[in-house]
Amino acid sequence: MTRDNVDQFYEQLKKLTIECNLEGRPECLYNQDETGLPMNNKPPNVVAQKGSRDVVSLTNVERGENVTVMACVSATGAYIPPFVIFKGKRMRAEFSDNMPAGTEVCMTESGWVNEEAFGKWLKHFNKHRTPGKVILILDGHHSHTSFATADLCEKYGIEVLLLPPHTTHALQPLDVCIFKPLKSYYNSHGTSWQHSNPNRAISKLSFGSIFKKAWDSAVTVGNGVKGFEVTGIYPLNRTAIASHKFVSEFGPNQDNSSVGLNDVSPEPKSPEQPPNSSQLSRPTTTPETSTSHEDVRSLLPSPAKITPMKRRKTIRPTSLVLTSPENISHLKAKAAETKKRIARVQKKGDIIKKKQSVNIICDSSEEDEETEEQKDEDETESVCNFCKMSYNDDRSSHAGDWIQSQKCKLWYHERCVNAFGRKQFVCGICMWKK
């Protein structure tokens, strides 16, 4: 969150307001965001005597599923009815009981908003918004930036302005003034409901009554107007955000980092003194150069310095008008490319599956042919190991059925070995060898 990003957002907002001819019309300026409410109560702090070891508080044992609530408010403090998303697949009419008036309920597998759920919310928003052209301020969630979303907003006459990344805590009115009291009221009403129903847990059927009380207490006209005023969106005020919320572009030691080692002035050398007479009289001997340091280096080489790889910086847009013609054409081309890639992958997968099925069929047919040939050979070449009569001999049919020894795999007439009706058989030769 830097001043440049925030100033660019304000500039985009001012430019879009002038282009849409919405200056001085706060009823046409909306902010939308979603928050999560768990289906359990968060008990408050309990006052107990100092030194108490066991302090009891009633709460759910389980953590509870998450429920997504999509809220929207205008700069005049007018709220769009909430849009509630439950986790699951099967929708029941009872889930919308005791909800605030006009609430719409939706189901997703994860309980969070996705592209399909956001499309349903846009239709819900279009039914309750001010007629004519409006400006909708959103964060950069992936469900808000698809081509389907931009196309639907263009169809409904909704101009979408995306907030810069990592600035929603200071620039989003719902985050600043509404969601915190909403969660606080929800926890308090959930605790009261839990005390009234100690043997039950908060479910999708009982969520509506608790959420309605929290919604009616938190979403006031004053909170909505204050949210737009504090963030500087309406009236447009570039100095509304406090300076401590901005990230400084320079580090705390940036001034000292420019000073290098070479810039430090060396210590002054002492003036050279003339040599003593003793030093002059002594013969000067040149000492032999020691190579011990080099030997140690060759024996214990120091590891090479590894330079860390530079991470590729992802260039993220600051504020963006999602419904601008340039962005819509870009999203359309991106969606078409994604569709082609998916079709190409599916086609390749179908070809691989087809080849595998053909190979399986060929292998199975070959195996069947081999087994049939083996059976035919076994049947035509089999000889009774007791009476030495061939299978093809005409007299063989009078000797009864055939049976195979499990160990030596030789064939016998059942009459020859007295094995009528037996499923398992071991010949006498194999038993004698054992």
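**Exercise 1.** Determine how many bridges join E6 to strand E7, and which way the two strands run.

*Solution.* Start with the rule: two strands pair if DSSP finds at least two bridges between them. Strands (E, at least two residues) and helices (H or I, at least four) are DSSP runs, numbered from the N terminus. Two bridges join E6 to E7 (residues 320-321), and the strands run antiparallel. Leu162 stands opposite Leu320 in E7.

This is a predicted model: local features need pLDDT of at least 70, side-chain atom pairs count only at pLDDT 80 or more, and totals for chains, interfaces and linings use all residues. Residues are numbered from 1 along each chain as its sequence is written, and side-chain values use heavy atoms, with hydrogens and water left out.

**Exercise 2.** Find which residues of E6 point each way, and whether they are buried or exposed.

*Solution.* Buried means under 20% relative accessible area, exposed over 50%, partly exposed in between (1.4 Å probe, protein chains only). E6 spans residues 158-162, and five of its five residues are buried. Ile158, Val160 and Leu162 point one way; Glu159 and Leu161 point the other way. In a regular strand the side chains alternate between the two faces of the sheet.

**Exercise 3.** Work out what unit E5, H3 and E6 make.

*Solution.* First, the strands. E5 (residues 134-138) and E6 run parallel, joined by five bridges. Val134 stands opposite Ile158. Next, the helix. H3 covers residues 147-156, with Thr149, Ala150, Leu152, Cys153 and Tyr156 buried. These residues lie on the same side of H3, because they cover an arc of only 165 degrees around the axis. The arc is taken from the directions from the helix axis to the C-beta atoms. Gly157 follows H3, with a positive phi near 75 degrees. Finally, the unit: a right-handed β-α-β. Right-handed means that, with the strands pointing away from the viewer, the path from the first strand over the helix to the second runs clockwise.

**Exercise 4.** Classify the aromatic pair of Phe118 and Trp121.

*Solution.* Rings of Phe, Tyr and Trp (its six-membered ring) pair if their centres lie within 6.5 Å; planes under 30 degrees apart count as stacked, over 60 as edge-to-face and the rest as tilted. The structure holds 10 aromatic pairs. Tyr79 and Trp215 form an edge-to-face pair, 6.2 Å centre to centre, with 75 degrees between the planes. Phe118 and Trp121 are stacked: 5.7 Å and 20 degrees. They are separated by about one helical turn, because they are three residues apart in H2 (residues 115-128).
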